[in-house]
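Hi everyone, thanks for coming. Have a look at the model on the screen, and I'll walk you through it bit by bit.

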Amino acid sequence: MAITSWIRTFPLVQYFIAWTQEIFMSVLKTGPVPQHVAFVMDGNRRFARRRKLEVREGHSAGFESLAHILEMCYQVGIKVVTVYAFSIENFKRPTVEVDALMEIARTKLLQIIHHGDLADRFGISIRVLGQRSMIPPDVLAAIDKSTEMTKRNTTAILNICFPYTSRDDIATSMREIVTKSEKHELEPETIDERLLEQHMFTKDCPPLDILVRTSGVERLSDFMLWQSHQNCTVEFVNCLWPEFEPWRFGSILLKWSRSKAVEFRKMEMERDQKQL
């Protein structure tokens with residue numbers, strides 16, 4: 001690992017990697033491109049333990065990996081990226097780790113504010129989805145600044161689920177609907193699946209196309225349960241999140257694009273047969 005990292009510091013190697021990635025992304029753009037992808041960024045703590053680092057350093061490495069993946073997503077034309085940054089269940093972790101995660105979140109959001117190259121370049125609107133009442137005031141202030149500064153961006157969206165669980169998302173939607181019903185703003189017989197979706201945190205986003213979880217763990221951990229129930233490809237990747245490099249995600253995109261292309265061709269053939 002150390003030798004590989006050292007080799008990558010050479011300018012010629014860096015140029016070759018960048019050139020290769022550019023060609024690969026050009027290929028990806030020629031086929032169907034997902035509109036909404038989501039990530040369970042799992043494995044930061046194990047990454048730190050394996051390298052005898054502090055847990056905080058593992059989470060910091062995870063944020064660096066996220067920056068590279070986001071750049072690739074928006075370059076190929078993905079409109080919405082949703083990331084599982086902090087679960088409501090994470091509050092059960094040791095206080096030191098929770099405080100470290102909150103501080104990293106605050107620091108990274110402030111970096112976006114002061115060095116918003118990625119958000120400006122791709123026109124990204126940052127949205128934080130979850131229970132605001134659970135967030136410390138200093139982190140909440142950073143969230144409000146980042147969302148305010150990017151709210152006029154309309155090209156792409158970055159959803160940061162923080163703190164979030166899917167069950168809470170569904171329950172929050174139901175509470176809003178019940179409140180509106182009590183105020184006679186809607187009729188009970190109009191309540192259906194679509195109305196429930198219209199009150200979820202992701203209500204303004206396109207349907208979820210791909211959900212990726214790293215670290216080799218094959219469960220969703222209460223993330224996007226409703227959004228991934230139909231026509232969503234779920235990919236479990238056997239590497240830790242800080243090791244999840246763009247080429248790994250590129251292979252997932254390529255596989256998804258090929259499967260969609262096959263579906264489109266099949267639909268066209270069926271349509272042509274009906275017309276005969």
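**Helix by helix, then the core**

Let's start with H4, which has 22 residues and reaches 32 Å from its first C-alpha to its last, close to the 32 Å expected at 1.5 Å a residue. That expected span is 1.5 Å times one less than the number of residues in the helix. Helices here are DSSP runs of H or I, at least four residues long, while strands are runs of E with at least two, and both are numbered from the N terminus.

A quick word on where this comes from: it is a predicted model, so local features need pLDDT of at least 70 and side-chain atom pairs count only at pLDDT 80 or more, while totals for chains, interfaces and linings use all residues. Residues are numbered from 1 along each chain as its sequence is written, and side-chain values use heavy atoms, with hydrogens and water left out.

Back to the picture. The protein chain has ten helices and six strands. Of its 276 residues, 43% count as buried. Buried means under 20% relative accessible area, exposed means over 50%, and partly exposed is in between, using a 1.4 Å probe and protein chains only.

Which residues are buried in H4? Among them are Gly58, His59, Gly62, Leu66, Leu70 and Cys73. Just after H4, Gly77 takes a positive phi of about 110°.

Now H7, residues 137-150. At 1.5 Å a residue its 14 residues should span 20 Å, and the end C-alpha atoms are 20 Å apart, so that agrees. Its buried residues are Val139, Leu140, Ala142, Ile143, Ser146 and Thr150. They cover an arc of only 160° around the axis, which puts them on the same side of H7. The arc is taken from the directions from the helix axis to the C-beta atoms. On the other side of H7, Pro137 and Met149 are exposed. If you're wondering about the spacing, an α-helix has 3.6 residues a turn, so residues three or four places apart point the same way.

**The cores**

How many residues does the largest nonpolar core have? It has 43, and those with the most contacts inside it are Phe39, Val81, Phe162, Phe244 and Phe249. The largest share of this core, seven residues, comes from helix H4. There is also a second, separate core of twelve residues, which includes Leu129, Cys161, Tyr164 and Cys232. By nonpolar core I mean a set of buried Ala, Val, Leu, Ile, Met, Phe, Trp, Tyr and Cys residues joined through side-chain atoms within 4.5 Å. In soluble globular proteins, nonpolar side chains tend to be buried together.

Let's zoom in on Val81. Leaving aside neighbours within four places in sequence, Val81 is in contact with Val37, Phe39, Leu70, Cys73, Tyr74, Ile157, Leu158 and Asn159. Contact means heavy atoms within 4.5 Å.

**Cysteines**

How many disulfides are there? The count comes to zero, where a disulfide is a pair of cysteine sulfur atoms within 2.5 Å. For Cys161, the nearest cysteine sulfur is that of Cys205, 9.3 Å away. Cys161 is buried, with a relative accessible area of 0%, and Cys205 counts as buried too, at 14%.

Next, look at the loop between S4 and H8, where you'll find Pro163. The peptide bond from Phe162 to Pro163 is cis, with omega near -20°. Thr165 is in the loop between strand S4 (156-161) and H8 as well. Thr165 is buried, at 6% relative accessible area, and it touches Tyr84, Ser87, Ile88, Glu89 and Asp222, not counting residues up to four places away in sequence.

Then comes Ser166, which is in helix H8 (residues 166-182). Is Ser166 buried or exposed? Buried, with a relative accessible area of 1%. Beyond its neighbours within four places in sequence, Ser166 is in contact with Asp222, Phe223, Met224, Leu225, Trp226 and Gln227.

So what about Asp222 itself? Asp222 lies in the loop between S5 and S6, and it has a positive phi of about 60° although it is not a glycine.

Last stop: Met200, in the loop between helix H9 (193-197) and strand S5 (210-213). The C-alpha atoms of Met200 and Asp169 are separated by 6.0 Å, though these residues are 31 apart along the chain.
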